[in-house]
Amino acid sequence: MDAYYLVLLETSGNQPFIFATNKLKENVGASQLIYECGTRYVLEAVKNEGSPNLWHDDPGQLRKNLDNKNKNPPIEKGRSKIEVVVATSGKAILVVNSREIGFQIIRSVTTRAIKDAPGVCLTGVVGEIEPGANKEAIDHALINLHGSRERIRGSLPSPDLRFLRLPVAESCRTSGLPASAIMETSEEQRRTDGREVACSFVTLRKREAADRAWNRMTGLFRGSRGQSRLYDSLSDVEAALKQKGDESWLGVIHADGNGLGQLFENFGRSVTVNAGSTPFRSYVDQLRRFSIALEAAAEGAFRAALGKLAANSEARLPVLPLVIGGDDMTVVCAGLLAVRLARDYLRFFEEKTGLDSQTCREASASGGLNEHPIDPIDPGVDALRSVVASSGWPCLSACTGVAIVKPHFPFHSAYDLAVDLLLSAKRYCGRVQGMEPAWSSRSVLDFHVLHDSSDAHLRRIRDRMRVDLNRDEDPHGPYRRQTLLVGGPYVLTSTPGGGAYRRAVTQPSLAGASHSQNLEMPLGLETKPPRWVQEHTWDQLERLVSEIRRMTAEEGEENLPRGLLHDLREGLFLGRKEADARFRLHKKRYPCLELFAVKHLEPGQDWTNLAEKGSSIGAGTLFWWEPEDDSHSEEARFTRLVYRTSLADVMDLLQFL
């Protein structure tokens, strides 16, 4: 064979398509349509070309079919004209033996998408690859293939132009597109609306796919502890999520993996060419197994997180997964569960992608992996951990944004807030990039509880949480200080070494650096966490929440009144100096407040002067300081400083942890 051909099919604009309306049923159905574009439509098109049927409704069985060399034989064997390398939600990569077959697959899949998944933007390209290509050449070919698809996508009109307004048609009630059918509604809804509800072709297909999506999602938990805690139908969980009441909140969780794009772009570096194999064959096999294992890890991490919630509750769990594919996760759930579900998902995702396969097999043999995020019988576990090891990271990690809003707050706005929080976590995750792998590969979580529904834009929300805008500082002086009343994002730091963290001041040598800022010591780790991580650890935040909850629940004179906490929180908005004055005053009566005290050096102070004067270090303050920009250079480190506190975050989490 002179050449093979790579076929790439991928959807774009997924998030606008999924979250185009505020109807959860349509959001779930839209996610299912994108999933089927990269799996069912592709695999059934492959079957129509004479290859074995690889499609299965159960995602676990589908992954096994893809890794089965009898059903999906290597293309070099000549038993099939097509080999499936990747088939996941919204994306597929194939190897075919002729350019014409590649074009036929693309024609078949895109035509079906227009009919069965209208509104989805699905494009495909074909590129040549030499059978004798080395790993670097295959990397380059895949990068070029993705670039070609982007160029083609940019030259195509928007999917919205498929739905013309002439002749004049009534608008769809939910999407605003021209209506093409009458939606089936209940008698009660018809009485409420006063007429039948018109819907667009896009909305109709989304609603038809919703039940398939619910069956697929609930199938992920089959045999797990969380299965019995799920609602029986999509309409039941939707009704539970929209219940009204003072204690009713809705949580939107959006998670995305860290550094996966970089891993895929340089995948050839992690490929091991086995004896008797070629670089092409080793690359294709290991890419397929890595993709399979990554998807299994994400699904397993969510399954384990849900199982942990189920173990602590006898009630039904109002949880609705919208997207669980690859390293992405989007979930709608009861607000009281959102933070815990996001936290546990991140920890299990790290655990699943960081355990060696031998440990997995031993745990499975002893029954210890029943609720764990990755099933050791899933194909590709070894390939995933090989890629992780070659990256120098101890595990894969992810960032997550958690938006907690009232149930009837516009869902698309809540989702946008969750995305902004995810981007906030991603931005701050960059502060520890390039440091020791044990820290640079940590998962990061940011959250916000939206009490004021008039504005859900994160930038404006955080701007309103700023005080001390240089009002008593020289704006041209060496330190331009502000105070931000938010402590996040937070780094999940419990996984490496199994260590925990505690507030402590590490006494440096008097000859040490003048800007020493050691705030904590890690327990169980040989390496001290980077400066930014020290005051942004999730474990520390959780301990503060637990201690405050315990102290406010205790009876007696030493208990901590909740009104006192609210007084401290109100003081934050009066500025750092006023807030610290209140804090010191209350601490005299309630010494237990010492757990909030942050001990550090002020900018420009050094340990020698403090030792000579007998001064305390940052005594009685709620705030720590850090550089506001992301620069690590010594010149920029102390030019733009911001003071921060986690008190407001702690009080927000009292209800949600």
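Colleague: Which residues do ring pairs link into a cluster?
Modeller: Phe 264, Phe 267, Tyr 283 and Phe 290 are joined that way. Rings of Phe, Tyr and Trp (its six-membered ring) pair if their centres lie within 6.5 Å; planes under 30 degrees apart are stacked, over 60 edge-to-face, and the rest tilted.

Colleague: Before we go on, what kind of model is this?
Modeller: It's a predicted model, where local features need pLDDT of at least 70 and side-chain atom pairs count only at pLDDT 80 or more, while totals for chains, interfaces and linings use all residues. Residues are numbered from 1 along each chain as its sequence is written, and side-chain values use heavy atoms, with hydrogens and water left out.

Colleague: What does the protein chain average for pLDDT?
Modeller: The average is 78, and 76% of the residues score at least 70. pLDDT is the predictor's confidence in each residue, from 0 to 100.

Colleague: Is Tyr 4 buried or exposed?
Modeller: Tyr 4 counts as buried, at 6% relative accessibility. Phe 280 is buried too, with a relative accessible area of 2%. Buried means under 20% relative accessible area, exposed over 50%, and partly exposed in between (1.4 Å probe, protein chains only).

Colleague: And why is the pair of Trp 249 and Phe 656 edge-to-face?
Modeller: Because their planes are at 80°, with the ring centres 5.8 Å apart. Trp 249 sits in the loop between α9 (234-241) and β7 (250-257), and Phe 656 in the segment after α24 (647-653), so that pair ties together parts 407 residues apart in sequence. Both Trp 249 and Phe 656 are buried.

Colleague: Which residue lies over the face of Phe 17?
Modeller: Lys 206 does, at 4.4 Å from the ring centre. The charged end of Arg 589 also sits over a ring, that of Tyr 590, 4.6 Å from its centre. A charge sits over a ring if NZ of Lys or CZ of Arg is within 6 Å of the ring centre and within 35 degrees of the ring normal.

Colleague: New topic: in what order do the strands of the open sheet run?
Modeller: Six strands go β8-β9-β7-β10-β11-β14, with mixed pairing. β8 (319-325) and β14 (490-491) are at the edges with a single partner strand each, so one side of each has no neighbour in the sheet. Two strands pair if DSSP finds at least two bridges between them.

Colleague: How many bridges join β8 to β9?
Modeller: Six, and β8 runs antiparallel to β9 (residues 328-334). Val 319, for example, has Cys 333 in β9 as its bridge partner.

Colleague: What about β10, how many of its residues are buried?
Modeller: Eight of the eight residues of β10 (residues 398-405) are buried, so the strand is largely enclosed by the rest of the structure. On one side that includes Val 402, and on the other Cys 399.

Colleague: How do β7 and β10 run?
Modeller: They run antiparallel, joined by eight bridges, and Asp 256 has Cys 399 in β10 as its bridge partner. With β11 (residues 444-449), β10 runs parallel through six bridges, and Val 402 stands opposite Phe 447 there.

Colleague: Last one: what does the side chain of Thr 88 join in a polar contact?
Modeller: The side chain of Glu 295, at 2.7 Å. A polar contact is a pair of N or O atoms within 3.5 Å; within protein, one must be able to donate a hydrogen and the other to accept it, and residues adjacent in sequence count only if both atoms are side-chain atoms. Thr 88 is in strand β2 (residues 82-88) and counts as buried at 13% relative accessibility.

Conventions
Helix = DSSP H or I, 4+ residues; strand = E, 2+ residues; numbered from the N terminus.
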